Amino acid sequence: MKKNLLLVTASLVALSVAAPAMAADLAARPYTKAPPPMIAAIYDWSGLYVGINGGGGSDRNCWSFDGFGEGCHNATGGTVGGQIGYRWQAANWVFGLEGQGNWADFDGRHDTLNGLETLRSRVDAFGLLTGQVGVAWNNVLLYVKGGGAVVGTRHDVLAGPRFLDSGTRIASADETRWGGTIGAGLEVGFSPNWTIGVEYNHIFLSSRDVDFTLVGGGFAGTERICQDIDMGLVRLNYKFGGPVIAKY
């Protein structure tokens, strides 16, 4: 019995001596800072932008004289110009206003019914003032647009049928016609400040009486001309400002 008590006492003494040493060995763990939260660049379409555009179009012209139809033609060609606008973004919705001006070379012609003359139209410039509503998926924007349009057109009556291509003008008329426009576009931001996109526009110019003047002077007559334009453009914009950095 006495021997057992001595063994227990010795064990307790050994444990009391070893405990501080074990505690010393268990050093405090170093503090590790939590990793920063993930961040993502959310593209912001808000702000002022300027850009250039280029593409092609087709101007549909139908002529009539004293109520008698004289046929139609498509004046086709290229266009180049620029645009300036401002956009506001709220959640995924994007709203904007834009002004655009273009030089154009849409040219076309057709013969009169009697085959003695050629009727020609040429669009040399147009401008658009539109509002936009779109939906953005980060750096991708899909939008529709609508507003007013103004188009500068030259109409000519040429001597002889079209195949002769005499180029001899009998009468002509220059007009600036106002109308409306609708369109749609897709735009992609490929850097914080640069975007590229494609756009379609239709310009409604309706019908209008156009007075022609003889080349030598004097009134030649009045033609009623119905005109509409379709065009496709590629656009490159520089947007002032950059993306917003959002944490999540």
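**Reading salt bridges, a surface patch and backbone angles**

Me: What does it say about Asp 209 that its relative accessible area is 46%?

Reply: With a relative accessible area of 46%, Asp 209 is partly exposed, a class that lies between buried (under 20% relative accessible area) and exposed (over 50%), with a 1.4 Å probe and only the protein chains taken into account. This is a predicted model, in which local features need pLDDT of at least 70 and side-chain atom pairs count only at pLDDT 80 or more, while totals for chains, interfaces and linings use all residues. Residues are numbered from 1 along each chain as its sequence is written, and side-chain values use heavy atoms, with hydrogens and water left out. For the protein chain of 248 residues, 34% count as buried.

Me: How many helices and strands does the protein chain have, and in which order do they come?

Reply: Helices (H or I, at least four residues) and strands (E, at least two) are taken as DSSP runs and numbered from the N terminus. The protein chain has 1 helix and 10 strands, and reading along the sequence gives the pattern α-β-β-β-β-β-β-β-β-β-β.

Me: Which residue forms a salt bridge with Asp 209?

Reply: Side chains of opposite charge can pair when their charged atoms come close. The cut-off used here is a side-chain nitrogen of Lys or Arg within 4 Å of a carboxyl oxygen of Asp or Glu. Asp 209 meets Arg 224 in such a salt bridge, at 2.9 Å from N to O. Because Asp 209 belongs to strand S8 and Arg 224 to strand S9, the pair ties together parts that are 15 residues apart in sequence. Arg 224, at 39% relative accessibility, counts as partly exposed.

Me: Which residues do salt bridges with shared partners join into one network?

Reply: That network is made of Glu 98, Lys 145, Glu 199 and Arg 235. One of the pairs to look at is that of Glu 199 and Lys 145, whose side chains meet in a salt bridge of 3.0 Å, N to O. Glu 199 lies in strand S8 and Lys 145 in strand S6, so this pair ties together parts that are 54 residues apart in sequence. Glu 199 counts as buried, at 4% relative accessibility, and Lys 145, at 6%, counts as buried too.

Me: Which residues make the nonpolar surface patch?

Reply: Patches are made of residues with over 30% relative accessible area and no salt bridge, like charges being joined within 9 Å and nonpolar side chains (Val, Leu, Ile, Met, Phe, Trp, Tyr) within 5 Å; the accessible areas come from the Shrake-Rupley method with a 1.4 Å probe, and for residues only the protein chains shown count as cover. Here Leu 48, Val 50, Ile 84, Tyr 86, Trp 88, Trp 93, Phe 95, Leu 97, Val 133, Val 144 and Phe 240 make a nonpolar patch of about 1,000 Å². Strand S2 (47–65), strand S3 (68–90) and strand S4 (93–111) are the elements that give two or more residues to the patch. One of its members, Ile 84, is found in strand S3 and is partly exposed, with a relative accessible area of 47%.

Me: What is the phi of Ala 91, and what is that of Asn 138?

Reply: Most residues other than glycine have a negative phi. Ala 91, however, has a positive phi near 55 degrees; Ala 91 sits in the loop between S3 and S4 and counts as exposed, at 67% relative accessibility. Asn 138, which is not a glycine, also has a positive phi, of about 55 degrees. The loop between S5 and S6 is the place of Asn 138, and this residue is partly exposed, with a relative accessible area of 36%.

Me: Where is Ser 191, and how many residues separate Ser 191 from Lys 239 in sequence?

Reply: Ser 191 is in the loop between S7 and S8 and is partly exposed, its relative accessible area being 22%. Ser 191 and Lys 239 are 48 residues apart in sequence, while in space the distance from C-alpha to C-alpha is 9.8 Å.
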